[in-house]
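Dear colleague,

Here is the structure I promised to pass on to you, with my notes on what turned up in it. Please read the notes with the sequence and the model side by side.

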Amino acid sequence: FINVNVSVRQLERPEFRGELLRILADTAFPADHLCLELTERCKDFPLDKLNQEVAFFQSCGIRVAMDDFGVESSNLALLSLVKFDILKIDKGFVKDIISNKRAQIIIGMMTKMCSEMGIQLIAEGIEDGQQFNVLREYGVKTVQGYLFSKPVSISEYEEKYMN
C-alpha cells in the first residue's frame with residue numbers, strides 16, 4: 001500500500017485525475033493499494049468539487065484520507081459532508097497520550113465516531129511502546145510512526161520490505 005499526500009492545488013488541476021490514472025496504468029499499480037491523503041486545508045476547496053473528487057477516486061478503487069486531523073482549524077463538519085475512507089489523527093494528540101487525560105478522551109471519542117461512521121482511524125507519530133499500548137486501550141487499531149520505522153530511502157525500503 002502506498003499513501004500519497006495531495007494538495008488542494010493538485011486537486012484544482014483539471015488534468016490531475018487523468019495523470020494519476022495514467023501513472024497507475026503505466027506502472028500496473030493496483031488502485032486499491034493507493035491512498036490519497038488530503039490535509040485539513042482541503043476544507044478551503046469548494047465542497048461540491050471536493051465531494052466530486054473524493055467520489056471519483058473512490059469509484060476507481062482509490063482510498064481517500066484526511067491527514068493531520070486535529071491541527072490548524074479542525075473541521076468536524078467536513079467529516080459529515082465528505083465521505084473519507086480514513087481519518088489520520090495528528091501526532092500532536094499522540095505525543096502526550098500517556099499523561100494527557102484530555103488527549104485520551106479526544107482519542108476515545110474519535111475512535112467511537114470513526115467506528116460509527118465507517119471510517120478507518122489511524123494515529124500518527126507513535127514513537128514508543130507506551131504510546132502504542134495506550135492507543136490500543138482507547139480502541140485505535142492502526143498506527144504509524146518511528147516506533148516501526150523512520151523514513152528510509154527507496155533502496156533501503158526495497159531491501160527491508162521487498163526481499
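Please keep in mind throughout that the model is a predicted one.

Salt bridges

Arg 13 pairs with Glu 19 in a salt bridge whose closest N and O atoms are 2.8 Å apart, and Glu 19, at 29% relative accessibility, also counts as partly exposed. A search of the whole structure gives seven salt bridges, and the ones I describe here are among them.

The next pair is Lys 88 and Glu 37, which form a salt bridge with their closest N and O atoms 2.7 Å apart. Because Lys 88 belongs to strand β4 and Glu 37 to strand β2, this pair ties together parts that are 51 residues apart in sequence. Lys 88 has a relative accessible area of 1%, which is under the 20% that marks a residue as buried, and Glu 37, with a relative accessible area of 5%, is buried as well.

Lys 88 also meets the side chain of Glu 124 in a salt bridge, at 3.4 Å from N to O. Glu 124 sits in the loop between β5 and α7 (129-137) while Lys 88 is in strand β4, so this second pair ties together parts that are 36 residues apart in sequence. Glu 124 and Lys 88 are both buried. Elsewhere, salt bridges with shared partners join Arg 13, Glu 15 and Glu 19 into one network.

The largest pocket

Lys 88 comes up again when one turns to the pockets. The largest pocket has a volume of about 1200 Å³ and a lining of 35 residues, of which Phe 1, Asn 3, Lys 88, Gln 144 and Tyr 157 lie nearest its centre. Which elements each supply at least two residues of that lining? They are the strands β1 (2-6), β2 (34-39), β3 (63-69), β4 (86-89), β5 (120-123) and β6 (142-143), together with the helix α8 (154-162). The largest share, five residues, comes from α8. Sorted by class, the lining of this pocket holds 16 nonpolar, eight polar and eleven charged residues.

The second largest pocket

The second largest pocket has a volume of about 210 Å³, and its lining is made up of 14 residues, of which Val 4, Leu 20, Ile 23, Leu 24 and Leu 34 lie nearest its centre. Two or more residues of this lining come from each of β1, α2 (16-27) and β2, and the largest share, six residues, is given by α2. By class, the lining of the second largest pocket counts ten nonpolar, three polar and one charged residues.

The surface

Tyr 157, which was named above among the residues nearest the centre of the largest pocket, also takes part in a nonpolar patch on the surface, where Val 152, Tyr 157, Tyr 161 and Met 162 together have about 410 Å² of accessible area. Met 162 is a residue of helix α8, and since its relative accessible area of 57% is over the 50% cut-off, Met 162 counts as exposed.

One distance

Finally, Ile 89 lies in strand β4 and, at 0% relative accessibility, counts as buried. The C-alpha atoms of Ile 89 and Ser 155 are separated by 29 Å, and these two residues are 66 residues apart along the chain.

With best regards

Terms used: Residues numbered from 1 in each chain as written. Predicted model: local features only at pLDDT ≥ 70, side-chain atom pairs only at ≥ 80, totals over all residues. Heavy atoms only, no water. 1 Å grid on protein atoms, 1.4 Å probe; cavity = no way out; pocket = protein on both sides within 12 Å on 5 of 7 lines; lining within 4 Å. Points joined across faces, edges and corners; volume = space filled by probe spheres on them. Helix = DSSP H or I, 4+ residues; strand = E, 2+ residues; numbered from the N terminus. Nonpolar A, V, L, I, M, F, W, Y, C, P; charged D, E, K, R; others polar. Patch = residues over 30% accessible without salt bridge, like charges linked within 9 Å, V, L, I, M, F, W, Y side chains within 5 Å. Areas by Shrake-Rupley, 256 points an atom, 1.4 Å probe, with all protein chains shown as cover. Salt bridge = Lys/Arg side-chain N within 4 Å of Asp/Glu carboxyl O. Buried < 20%, exposed > 50% of the residue type's maximum accessible area, 1.4 Å probe, protein only.
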